[in-house]
Amino acid sequence: MIDRRIYFEESSECPEANTTTLYFIAPADMLGGKYPEAESMEISVEFPTAYPEARNADVMFSPTKDGEDYDWFSVSMPLDEIEELMRLAERSNQTGCGAVEKAIADWRPELNRIADKLGRAELLAQLAEEASELSQAALKLRRVLDGRNPTPVTEESAVLHLQEELTDVLLCAITVGIDKAEVERFIRAKSARWSARVEGDKDDV
């Protein structure tokens with residue numbers, strides 16, 4: 001079984017070579033300490049487009065730092081693990097499941113246990129607390145970007161903190177319970193309204 005922290009990133013086709021390459025992002029510890037400076041690693045699975053089978057695939061790893069892959073090398077991976085990676089890519093393409101949704105799906109059993117243990121009332125209290133911290137993180141980043149009230153916090157650090165607090169809010173919201181159909185409806189309606197306001201549509205209220 002492949003590490004559940006691995007997630008599908010993208011696929012790329014090369015018409016000239018008639019090959020397809022699947023790319024995955026994985027934790028750096030899968031490199032076995034060979035690249036201690038690596039922040040993560042990339043996995044590529046390449047196969048003939050007409051013959052998408054594990055036995056025809058070539059697998060390579062590369063450490064990643066600052067968003068760049070810098071030392072690709074070939075690896076021998078068991079066929080059943082290659083098949084799992086290919087199925088993971090297929091599921092992601094079929095469902096539109098991105099990295100965030102996969103992480104949620106992978107940890108859903110643990111999140112369900114947290115919800116059962118804490119109860120909805122406590123989760124709502126934590127959601128409110130995390131939302132407040134997200135608000136503060138957003139204001140801190142605004143202060144960094146504005147520059148009129150100097151702070152030793154760097155933009156990179158402020159962005160990272162904002163993302164962390166956003167994750168906390170998302171996790172709490174998930175455990176409280178999200179109606180995806182309603183959220184989708186709100187996204188579409190509010191995006192249209194927001195766009196109209198930015199464009200200066202005076203008929204929008």
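Leaving aside its neighbours within four places in sequence, which residues is Ile 82 in contact with? Select Ile 82 and display what surrounds it: the partners are Val 45, Ala 54, Ala 57, Val 59 and Met 77, where contact means heavy atoms within 4.5 Å.

The model is predicted, so local features need pLDDT of at least 70 and side-chain atom pairs count only at pLDDT 80 or more, while totals for chains, interfaces and linings use all residues. Residues are numbered from 1 along each chain as its sequence is written, and side-chain values use heavy atoms, with hydrogens and water left out.

**The core**

Helices (H or I, at least four residues) and strands (E, at least two) are DSSP runs, numbered from the N terminus.

**The aromatic cluster**

Next select Tyr 35, Phe 61, Tyr 70 and Phe 73, which form one aromatic cluster. Rings of Phe, Tyr and Trp (its six-membered ring) pair if their centres lie within 6.5 Å; planes under 30 degrees apart count as stacked, over 60 as edge-to-face and the rest as tilted. The count by this rule is 4 aromatic pairs.

Start with Tyr 35 and Tyr 70: the ring centres are 6.1 Å apart and the planes at 80°, so this pair is edge-to-face. Tyr 35 is in the loop between strand 2 (19-26) and strand 3 (40-48), and Tyr 70 in the loop between strand 5 (68-69) and strand 6 (73-75), so the pair ties together parts 35 residues apart in sequence. Tyr 35 is buried, at 11% relative accessible area, whereas Tyr 70 is partly exposed at 35%. Buried means under 20% relative accessible area, exposed over 50%, partly exposed in between (1.4 Å probe, protein chains only).

Move to Phe 61 and Phe 73, also an edge-to-face pair, with 6.1 Å centre to centre and 75° between the planes. Phe 61 lies in strand 4 (residues 58-65) and Phe 73 in strand 6, so parts 12 residues apart in sequence are tied together. Phe 61 is buried at 10% relative accessibility; Phe 73 is partly exposed at 22%.

**Charges over rings**

Finally, select Arg 185 and Phe 186: the charged end of Arg 185 sits over the ring of Phe 186, 4.6 Å from the ring centre. A charge sits over a ring if NZ of Lys or CZ of Arg is within 6 Å of the ring centre and within 35 degrees of the ring normal.
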